[in-house]
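Hi,

Here is the structure I promised to pass on. Please open it alongside this message.

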Amino acid sequence: MDFRLTADQSALVEAIDKLAAQFEAKPTEFRGFALLGDELDKELEYGQYFDIAQVPELGALCAAMAVERLARLPYATEIALSMLVRPQLPGDWPRPLAVVENGRPGRFVAAASTILVIEGEGISLVRTAAGDAQPVESLFAYPMARWKGRAERTALSGDEAAKLRKWLRIALAAEASGLLQAALASAVDHLTQRKQFGRPLGTFQALRHRMAECAVLAGGVRWLALKAADTADPADATLAALHAQESATRIVYDVHQMLGAMGMTLEHPLHLWTYRLKALLSELGGRGGQALAVAEECFGD
Amino acid sequence: MHFAWNAEQETFRSTVRAFLAANLPRDWESLAHGPASEAQSSFSKRFCGKLAEAGLLVPHWPKRWGGRDAGAWTAFILAEEMWEAGEPRGGQYMNVNWIGPALMRFGSEEQQARYIPPMARGETIWCQGFSEPEAGSDLASLRTRAEKHGSSYRINGQKIWTSYAQHADTCFLLARTSPGRDGISVFLVPMDTPGIIVREIPSLIGEGDIHEVFWDNVEVPGSTLFGAEGQAWEIARAALSLERVGIPRFALATKMLHRAVSMLERSGRFGHGAIEQAARARAACEAARFYSYSIVDQREHGIPTGPEASAARFATVMAERAVHEFVVEQVPEALCGGEAMLLAHHQRAIVAGIASGAAEIQLNLIATDLLKLPREPR
């Protein structure tokens, strides 16, 4: 146990920070639901960042740190699955990746080259072809599409599916961690600037305590996500995903309360984080599914 | 950054576990062990003596004081194993965690020579005279006063919620020597000094746990002053920063959660509602564990701990709450004579957000120092 960053980890964090700096702000004229980060995607491809989990001195922990940092940007880009799940696929499957769970619309499905199709306990892989996906309008701040599923599937064995499910949970937790931090930071900005009754909202204890509790939850999500990425332990993955979905449920509601009507507008960037979090809440069985998985991994003797 | 235990850490944990297996009586869990009970206090003196002989009481202290400079991880692994076992050290955990280190940092040579060696041998129990009827979270408003008379002080006032007071040899006392926050001083007062009256307060949290302590014209020599007059705030801050991530409450909470789940599984009652509640509690315990570890790691590497320590404390409070509520809701028979350790855990868990300072004060600190929200007007 040693939480100091190694020289390689520090160098990676610094490089990702530098890259992220160009994408920190929402374009002022943008008023949409999902802000697509094609330029960010290109930069990450160019720097070979999608492969950092396979670099021995970096590994999945660094990939999780990168996922978390990049999720704090207002841009929705398919990063988590490429960085954390793709290295675990049997054979070479092209990115971007998307997940279609029990026939529902999924994130990045229209842009994906490879789809992970989850049906009940089983997972199969599909190389997508043109016309397979039907984009759908949605409130979520990810591009959502329905997959029509004609192409041939490669079914995974039970062990392979369990391993992918584990890394899907880790990817979800790492992404949620970054989104939670950004949503909280956005609320802190508002509470610092917005004055009512002659003083900043952030001076009112009712709001301060609520925000502090949210910050504690978000910090816990971060630790559990990083730990699971490092240990690759299935129990750690279930705990990380459960704590992420559990905390996100509360924090999304609370930060919107902090922002009032301003948080309801498409002008304010808050929804670019909270409505990505909302999309993550139902994935992999949601909180109920995660709880069953925790019970199986942690309580089964 | 990496999350695996190193060989030294693993070996140390095994050593502590082996010691506990060899030295805790077979019926340990069913003993009345409110941490401040008569039975526990006399047991803890024998037990801590053996720990000291095995080099496991104060391994993180400097060699000069009976330790081996083993670092913060060693101290915390030790604390985890002890707390998980139901804290057989009783009140002596305070000596190990912060009273000893405070003596090393702020004590006079005479005070160090008098008080540290018996602590390192596991022979002595302390209590902390902080809270007063009118000074809880607002500790700076305390009124117990120590007036100088020639070379001695005369102490008058009242302390409350004092744990271990009935069995303590010495009190780490905060008293006012002049007005204002900078007018508070620390005194190390032998509890057999005439004029000190201890009265137990019956409570929900275990036998002999909390007390009122009355100070009626208690005459103490000038040598009982700890640090300088008016230095209490600085000393208390240093002590409380160690105490904030002091008790690894998540360790016993996790163990008790698993025990409660086993009871439910055995009786075929671990259904959907219980599973969801147990899983949430398990995740909260794990979050508290790694939050706390992050602070321990900072201590280990000499990095000053910031507001994250308050967040770690609050995460621990939430974990304790999740587990004890799970037990109340799913295994209520545990609180009706069904399981001594689950009962003992409940009694300890309900003070998690209160002992060593109200958790709401930590939320204030998190809001200001971690989130950087503007301060409240005063």
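Below is what turned up, grouped by topic. Keep in mind that this is a predicted model.

Surface patches

A:Glu121, A:Asp233, A:Glu296 and A:Glu297 come together on the surface as a patch of negative charge. One of them, A:Asp233, sits in the loop between α6 (205–231) and α7 (234–259) of chain A. Its relative accessible area is 30%, so A:Asp233 is partly exposed.

Chain B has a nonpolar surface patch, formed by B:Val328, B:Leu335 and B:Leu343. Together they have about 190 Å² of accessible area. B:Leu343 belongs to helix α10 (residues 340–349) of chain B. B:Leu343 counts as partly exposed because its relative accessibility is 32%.

Backbone points

A:Ala232 is in the loop between α6 and α7 of chain A. A:Ala232 is not a glycine, yet its phi is positive, about 55°. With a relative accessible area of 24%, A:Ala232 is partly exposed.

B:Glu87 also has a positive phi, near 50°. Its loop runs between α3 (72–84) and α4 (92–106) of chain B. B:Glu87 is buried, at 3% relative accessible area.

A:Arg95 and A:Pro96 are joined by a cis peptide bond, with omega about -5°. A:Pro96 lies in the loop between α4 (80–85) and β1 (97–101) of chain A.

What does A:Asp41 touch, leaving aside neighbours within four places in sequence? The contacts are A:Phe50, A:Thr77, A:Glu78 and A:Arg95. A:Asp41 is in helix α2 (residues 38–46) of chain A. Its relative accessibility is 17%, so A:Asp41 counts as buried.

Best wishes

Notes: Residues numbered from 1 in each chain as written. Chains lettered and ligands numbered in written order. Predicted model: local features only at pLDDT ≥ 70, side-chain atom pairs only at ≥ 80, totals over all residues. Heavy atoms only, no water. Patch = residues over 30% accessible without salt bridge, like charges linked within 9 Å, V, L, I, M, F, W, Y side chains within 5 Å. Areas by Shrake-Rupley, 256 points an atom, 1.4 Å probe, with all protein chains shown as cover. Salt bridge = Lys/Arg side-chain N within 4 Å of Asp/Glu carboxyl O. Lys, Arg positive; Asp, Glu negative; His and termini not counted. Charge placed at Lys NZ, Arg CZ, Asp CG, Glu CD. Helix = DSSP H or I, 4+ residues; strand = E, 2+ residues; numbered from the N terminus. Buried < 20%, exposed > 50% of the residue type's maximum accessible area, 1.4 Å probe, protein only. Contact = heavy atoms within 4.5 Å.
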